Structures are given as structure tokens and as C-alpha cells.
Amino acid sequence: MDGMTEPMKIAEQSELDTFLEARPDVRMLELLMPDINGILRCKRIHRREFEDLYQGRVKAPLTVPLLGITGQFYNAELDASLVAGDPDQLLVPVSHSLAPIPWLDSPTAQVLTGFADSDLQPSWPDPRNVLSRVVARLAGEGIHPVVATELEFYLLADRDAPVPAPLQGKITGIGRKQSGIQYCMPDDLYDCDGFLDDVRIACELQAVPLTTIHSEFSGGQWEINTHHSADPVLACDHAMLLKRIIKGVARKHDLGATFMAKPFDASAGSGLHIHASFYDEDGGNLFAGSGSAPDSVSDELRHAVAGLVSTADEAMAILAPNANSYRRFKAGAFAPSTPNWGFDHREVALRIPLSTPDNRRIEHRIAGADANPYLVAAAVLAGMHHGLRNRLVAGNPVPAGSDLSHAKVTLPRRWDRALDLFRNGSVLPDYLGETFCRAFAAVRQGECDDFHGRVTNLDYEFYLRSI
């Protein structure tokens with residue numbers, strides 16, 4: 001649907017043969033299926049069925065990518081013509097994604113999969129295909145994006161309680177919990193050395209290009225970055241696999257890990273930052289200015305910034321896809337409050353980091369760690385291209401050193417409002433596909449209505465005694 005013609009990178013049988021020759025003990029294979037929530041849905045197949053996958057004989061329901069966060073199928077909200085009968089789609093292995101799973105005791109491997117129709121054309125509900133569509137459109141105009149991701153998350157303390165708590169470091173010698181903000185604390189690295197080293201091992205085995213690891217501003221919070229890639233889909237594959245690695249390795253170490261945007265009231269939220277540049281056919285960075293100064297940027301970068309500003313509201317339902325997502329956005333919370341931009345300023349939404357001209361880029365800082373990396377990247381690249389194509393004009397950058405801790409929040413702060421803006425958007429449907437956007441909005445609205453229709457403990461705390 002919607003004219004998607006970009007060919008899928010489907011693995012050949014030879015990849016499977018080479019892998020099994022090197023790892024003859026593997027008996028089971030997990031098929032990883034990305035959904036619109038950024039969750040890798042999964043099924044296992046026995047070794048005798050491996051070849052079926054690589055020969056195009058394994059299928060899965062069309063609606064698997066369209067499940068809600070709890071696995072709910074919001075069929076009443078979806079356009080019946082899109083999913084009538086819930087037909088099967090082919091499940092195809094993604095090239096060069098076959099890898100072992102080191103945190104399991106069983107001899108099991110994994111492979112990323114994509115959804116395709118019977119003619120091996122990309123299936124519209126698959127978020128990988130949505131991003132591929134945007135990348136193909138840019139490539140058709142001689143524009144080649146380079147993308148990298150930064151992910152924040154919390155490790156959770158092991159405790160028998162209905163409410164979670166972050167895993168805090170201990171003071172050496174007495175076992176007392178460390179309090180206060182301990183950004184980039186080496187003791188945190190030592191305390192979690194076993195976990196972090198197993199993350200490194202898993203990343204190496206699964207070809208996820210790990211770069212920097214450090215403890216963040218709140219106790220139990222971490223940031224792990226992956227290397228930039230000239231293939232944005234691959235960059236987002238890395239982000240998805242990294243989230244899976246972190247949660248899987250945490251289980252092995254009897255820890256919990258969460259990518260919720262705001263798991264704790266008094267602690268910082270967790271974000272998904274996207275670094276993106278545009279390059280031309282000759283490898284030149286379209287965002288580099290005429291000089292080497294950090295604020296020397298091209299008109300193209302300013303147009304791209306303006307495009308991201310103009311699409312921020314309609315993209316918010318993708319950047320903040322859950323009820324909890326919106327708890328990040330309040331004054332003084334170290335999360336963007338408005339779609340502003342500036343040079344080397346960590347409180348703006350669109351930061352231009354210190355960089356050399358060939359590495360000049362935009363750091364998009366609005367999305368939460370709970371967002372789907374494929375869809376966030378698709379929305380970011382679409383906004384940048386929209387600004388370039390229409391030569392939109394960016395406002396003035398935020399002056400260096402400006403204190404934005406009390407800035408008014410103008411980004412949509414409620415889920416229903418963001419969904420209204422997404423449904424009425426005029427830019428993203430053209431890039432992501434009208435069919436996908438209609439289905440995405442329907443599923444998220446169904447979940448929004450479901451969430452806000454529940455009576456929670458907060459209702460009782462606020463109202464039960466007073467009313």
C-alpha cells in the first residue's frame with residue numbers, strides 16, 4: 001500500500017548454512033518481530049524449521065505489528081478494510097541479523113524478521129518498512145542520512161514491593177546506599193561491572209556497535225550509545241537489539257531494566273536521542289558551513305531544523321507514544337519543553353553538538369526511551385527533509401548559556417491532544433504512509449481510551465476521602 005517499493009534486505013540460505021556450520025549446537029531460533037510499540041514480539045522455531053524461514057515458508061498474522069503495549073488487539077478502532085480476516089504475511093529473515101543469544105542457557109539463536117506480502121513486497125504495518133520508505137524517498141533525491149542513537153534506561157533494585165525502586169550504588173565498606181546525583185561515577189561502573197561486561201559480550205556477538213556507557217544523573221540510570229550508521233534502518237535495528245540485550249542480560253543478573261520514559265517521580269526521565277546528518281552523493285555533509293567554527297552551519301541545516309520545529313506537534317504521538325511518556329515534559333525536568341534549537345545546549349529540543357564540519361549534525365532530544373526507534377527516526381528524517389524541500393526558515397537559536405529550567409512547556413503534554421495533532425497532520429502521512437498513520441492512530445487511541453478508562457490508586461488518593 002501507499003506505493004512502498006523499496007526492496008527488503010532478505011537473508012539468503014547461505015547465511016543460515018554458514019552460521020550453523022560455526023554453531024552446530026543451536027537447536028532453536030527466536031524470530032524477532034518489531035511492532036509499533038518498539039517491542040520485539042517473538043516466536044521460537046525448531047532447527048528442522050530453520051530452512052522454512054529462509055525459503056519463505058513461515059507466516060505470521062498481519063496484525064502482529066499492530067498490537068497494543070499489553071498485547072491487546074484494538075480491532076474496534078481499526079479500519080476493518082485494513083485488517084479484515086487478519087490475513088497472514090510472510091515472515092522473512094533480515095540479512096546479517098542471525099546471532100546467538102548469550103544470556104540464555106539453552107542453545108538458541110535469534111534473527112530479526114520483517115513482514116512482506118506474497119510478492120516479497122514490504123508490508124505496510126511493519127515499522128522497519130515505514131522507515132525504509134522514508135530513506136528510499138531521500139535516496140531518490142540524492143540525500144543519504146547518517147543516524148546514531150543514544151538510549152537511557154534504569155536498572156531496578158530487587159525488592160518484594162508493589163512499587164519499583166532504582167538500583168542505587170553502595171558505599172564501599174559499609175553497604176549503605178549512595179545518595180545524590182553521581183553522574184559518570186566510576187563506582188557505579190564497578191558495582192555493575194558483571195552486567196556491563198555481559199552487555200558488551202552480547203553486543204559483540206550480535207554485531208551491535210556499542211560505544212559509550214556511563215551512569216546518568218539519577219541513581220540507577222544509565223546511558224548506552226551505539227555508533228553512527230549510514231543505514232538508518234540498521235542504526236535502529238541496533239537500538240532495538242540493544243534494548244533487548246539490556247533486558248535479557250539484566251534478567252541473567254537477577255536485575256530488572258526499564259525503558260519507561262518516566263518511571264520515578266523524583267528522578268530524571270529516560271530519553272531516546274537521535275543524531276542525524278544528511279550527505280550528498282559525493283559524501284559531503286549538507287549541514288557543514290563554510291568555516292570550521294562550531295556554529296558554522298549551512299542553510300540546509302537551518303532548513304532541516306525549521307522542518308523539525310514545524311512537525312514537532314504532529315510527531316509527538318510517535319515521540320511520546322504512551323501515557324507515561326508525557327510525565328517527562330515539565331519545567332526543570334531536563335527534557336525539552338518547546339521545539340527550540342541551539343548550539344551545544346542540552347536543554348533545547350534540537351541541539352547542534354560540537355563537531356567538525358564533516359560530522360555536523362542535529363541531535364533530536366524530544367523522544368522518550370519508550371518510543372519506537374524506527375518510527376522516531378522516520379519522523380525525524382521526514383521533518384528534516386520537509387524543511388529542506390520547502391526551504392523553511394528556522395527562528396534564532398537559543399543563546400549559549402541560557403537558563404531554560406523554567407521555560408514554558410509548549411509541546412503537547414497530554415496523550416489525547418498529541419493523537420489529535422497526529423491525526424490532523426499534513427506532513428507525516430505523506431512520508432510514513434497514510435495507511436500506516438491511520439492504523440497507528442487508531443491503535444494508540446484505543447490504548448489511550450483504555451488507559452484513561454481505568455480506576456487507579458491515584459483516584460483513591462486524590463478523591464476517595466474528600467468527595
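Trainee: Is His273 buried or exposed?
Mentor: His273 is buried, because its relative accessible area is 6%, under the 20% cut-off. Please keep in mind that this is a predicted model.

Trainee: Where is His273 found?
Mentor: His273 belongs to strand S11, which covers residues 272–279.

Trainee: With which side chain does the side chain of His273 make a polar contact?
Mentor: The partner is the side chain of Glu363, at 3.1 Å. Glu363 is also one of the residues that His273 touches, when residues up to four places away in sequence are not counted. Ala148, Thr149, Glu150, His364 and Arg365 complete that list.

Trainee: Let us turn to the strands. How many bridges join S7 and S11?
Mentor: S7 and S11 pair over eight bridges, in the antiparallel sense. Within this pairing, Ala148 stands opposite His275 in S11.

Trainee: And which strand pairs with S7 over five bridges?
Mentor: That is strand S9, residues 221–226, and the sense is antiparallel. Glu152 stands opposite Glu223 of S9. S10 pairs with S7 as well, in the antiparallel sense over three bridges, and Leu156 is found opposite Gly256 in S10.

Trainee: Why is S7 largely enclosed by the rest of the structure?
Mentor: Twelve of its 13 residues are buried, so S7 is largely enclosed.

Trainee: Changing topic, how many aromatic pairs does the structure hold?
Mentor: The structure holds eight aromatic pairs. One of them is formed by Phe153 and Phe259, a tilted pair with 5.4 Å centre to centre and 40° between the planes. This pair links distant parts of the chain, 106 residues apart: Phe153 is in strand S7 (residues 144–156), whereas Phe259 is in the loop between strand S10 (256–258) and S11.

Trainee: Are Phe153 and Phe259 buried or exposed?
Mentor: Phe153 counts as buried at 0% relative accessibility, and Phe259 is buried with a relative accessible area of 6%. Tyr154 and Phe264 form an aromatic pair too, here edge-to-face, with 5.2 Å centre to centre and 75° between the planes. Tyr154 lies in S7 and Phe264 in the loop between S10 and S11, so this pair ties together parts that are 110 residues apart in sequence. Tyr154 counts as buried at 0% relative accessibility, and Phe264 counts as buried at 10%.

Trainee: Which residues do ring pairs link into a cluster?
Mentor: The cluster consists of Phe422, Phe436 and Phe440.

Trainee: What lies over the face of Phe259?
Mentor: Lys243 does, at 5.3 Å from the ring centre. Arg137 lies over the face of Tyr431, at 4.0 Å from the ring centre.

Trainee: One last topic, the backbone. Which residue has a positive phi of about 60° although it is not a glycine?
Mentor: That is Ala207. Most residues other than glycine have a negative phi. Ala207 is placed in the loop between helix H6 (193–205) and strand S8 (210–215), and Ala207 is exposed, with a relative accessible area of 51%.

Trainee: What about Asp344, where does it lie?
Mentor: Asp344 lies in the loop between strand S12 (341–343) and strand S13 (350–352). Asp344 has a positive phi of about 50°, although it is not a glycine. At 33% relative accessibility, Asp344 counts as partly exposed.

Conventions. Residues are numbered from 1 along each chain as its sequence is written. This is a predicted model: local features need pLDDT of at least 70, side-chain atom pairs count only at pLDDT 80 or more; totals for chains, interfaces and linings use all residues. Side-chain values use heavy atoms; hydrogens and water are left out. Helices (H or I, at least four residues) and strands (E, at least two) are DSSP runs, numbered from the N terminus. Buried means under 20% relative accessible area, exposed over 50%, partly exposed in between (1.4 Å probe, protein chains only). A polar contact is a pair of N or O atoms within 3.5 Å; within protein, one must be able to donate a hydrogen and the other to accept it, and residues adjacent in sequence count only if both atoms are side-chain atoms. Contact means heavy atoms within 4.5 Å. Rings of Phe, Tyr and Trp (its six-membered ring) pair if their centres lie within 6.5 Å; planes under 30 degrees apart count as stacked, over 60 as edge-to-face and the rest as tilted. A charge sits over a ring if NZ of Lys or CZ of Arg is within 6 Å of the ring centre and within 35 degrees of the ring normal. Two strands pair if DSSP finds at least two bridges between them.
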